[in-house]
Amino acid sequence: MSFHLEATDGPARAGTLTLAHGVVQTPAFMPVGTAATVKALAPRDLIEMGAQIVLANTYHLWLRPGLETIVAAGGLHKFMAWERPILTDSGGFQVFSLESRRELDDDGVTFRSHLDGSTHRFTPENVVAFQETVGVDIAMALDVCVRLPADEATLRDSVRRTTEWAKRCAEAWKARDKTLLFGITQGGLDQTLRTQSANELIPLDLPGYAIGGLSVGESRDATESMMRFAAATLPPQKPRYLMGVGTVRDVILAVDSGVDMFDCVYPTRCGRNGRAMTRKGELHIKNAAFTRDFSPLDPDCDCQVCTTYTRAYLSHLFRAGEMLAAQLLSYHNVYVLVRLMRDARSAIIRHEWDQFKDSLVTL
Ligand SMILES: [Zn+2]
């Protein structure tokens with residue numbers, strides 16, 4: 001397992017990440033399969049559109065179906081019938097979103113399930129063990145994520161615990177031949193704390209590093225300037241992963257900051273709500289203007305939805321509450337980001353990144 005940087009063009013990077021279940025060419029968008037399924041999309045859809053890796057969530061899988069079922073199935077890949085790489089989030093973000101239903105201490109975090117109120121406990125050690133046992137390609141260290149805006153003491157505390165927990169995750173990490181462990185940096189919008197967080201994690205020499213704690217309530221401009229700053233604090237020879245970002249504009253700006261990997265529920269959530277993403281902006285398919293529009297959803301897209309169906313038909317499916325509506329729009333939206341990253345990669349390799357970026361960031 002390795003990461004090889006093939007080309008750079010300014011801060012933008014094209015690399016190859018070789019994992020136990022296959023190769024991920026970066027920059028790469030990772031569709032989110034929270035509960036071991038990318039909502040409304042079957043694995044064959046994801047393969048067809050060229051998705052190289054999917055994300056699943058430790059928090060959700062821990063609660064349902066639980067470790068025993070996934071182990072009995074022969075691991076997460078077999079359970080969800082997905083043979084390509086999988087990354088699991090550590091559950092830190094989900095647990096900290098529970099707020100009133102969790103209690104944090106230096107050893108770990110105790111929380112109550114959003115499903116049935118049952119009590120569970122995450123520690124750095126058991127979260128790494130869970131991810132290794134289900135057999136994912138990339139496991140994430142347990143971090144302490146805070147909602148922004150946050151005061152300095154809260155941010156400082158989250159950086160301190162995130163570092164301590166990352167050290168314990170690194171100690172607990174055993175299955176090094178099949179599961180890579182990535183660290184997560186925190187620090188909110190505070191440059192000093194972001195630098196401190198990176199400087200404390202880099203000596204652990206983990207195979208990759210993520211920028212966590214962004215897109216959690218701050219303004220878009222603040223996300224953008226902090227992603228640039230935070231990406232530059234991470235080691236250039238290792239993959240960089242920006243968590244929770246997934247609009248066309250944000251992903252392009254992140255690639256332009258030197259980030260290699262992204263994930264977000266945005267494209268599938270938009271798909272279920274009737275919003276279609278395009279490189280030129282978004283359209284609401286339920287809009288009355290589309291009821292007699294027999295042109296493709298996105299004339300610039302070559303996905304099987306855009307080459308098969310019309311806006312009028314998709315608009316009708318949404319108005320009629322048909323299941324196919326969410327499937328087709330989710331397919332198109334995920335395809336837009338997968339294709340965008342494929343094109344971004346070739347532009348970086350051709351040293352035409354600036355032209356490519358400028359043709360897009362007009363949104
Ligand atoms: Zn399309």
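This is a predicted model: local features need pLDDT of at least 70, side-chain atom pairs count only at pLDDT 80 or more; totals for chains, interfaces and linings use all residues.
**Notebook: zinc site and aromatic pairs**

Residues are numbered from 1 along each chain as its sequence is written, and side-chain values use heavy atoms, with hydrogens and water left out.

I then listed the donors of the zinc ion, which are Cys301 (SG), Cys303 (SG), Cys306 (SG) and His332 (ND1), at 2.1 to 2.3 Å (donors are N, O and S atoms within 2.8 Å of the metal, or 3.2 Å for Na, K and Ca). The angles among these four donor atoms run from 95 to 120°, and the site is tetrahedral (four donors with all angles between 85 and 135 degrees). Along the sequence I read the donor spacing as C-x1-C-x2-C-x25-H. Histidine 332 is buried, at a relative accessible area of 0%.

For the aromatic rings I counted six pairs (rings of Phe, Tyr and Trp, its six-membered ring, with centres within 6.5 Å; planes under 30 degrees apart are stacked, over 60 edge-to-face, the rest tilted). Tryptophan 62 and phenylalanine 130 form a tilted pair, 5.4 Å centre to centre with 35° between the planes, and both residues are buried. Tyrosine 309 and tyrosine 313 form a stacked pair, at 5.7 Å and 20°; tyrosine 309 is partly exposed at 23% relative accessibility, and tyrosine 313 is partly exposed at 33%.

Technical notes:
Four donors count as tetrahedral if all angles lie between 85 and 135 degrees; four count as square planar and six as octahedral if opposite donors are over 155 degrees apart and all others between 65 and 115; anything else is irregular. Buried means under 20% relative accessible area, exposed over 50%, partly exposed in between (1.4 Å probe, protein chains only).
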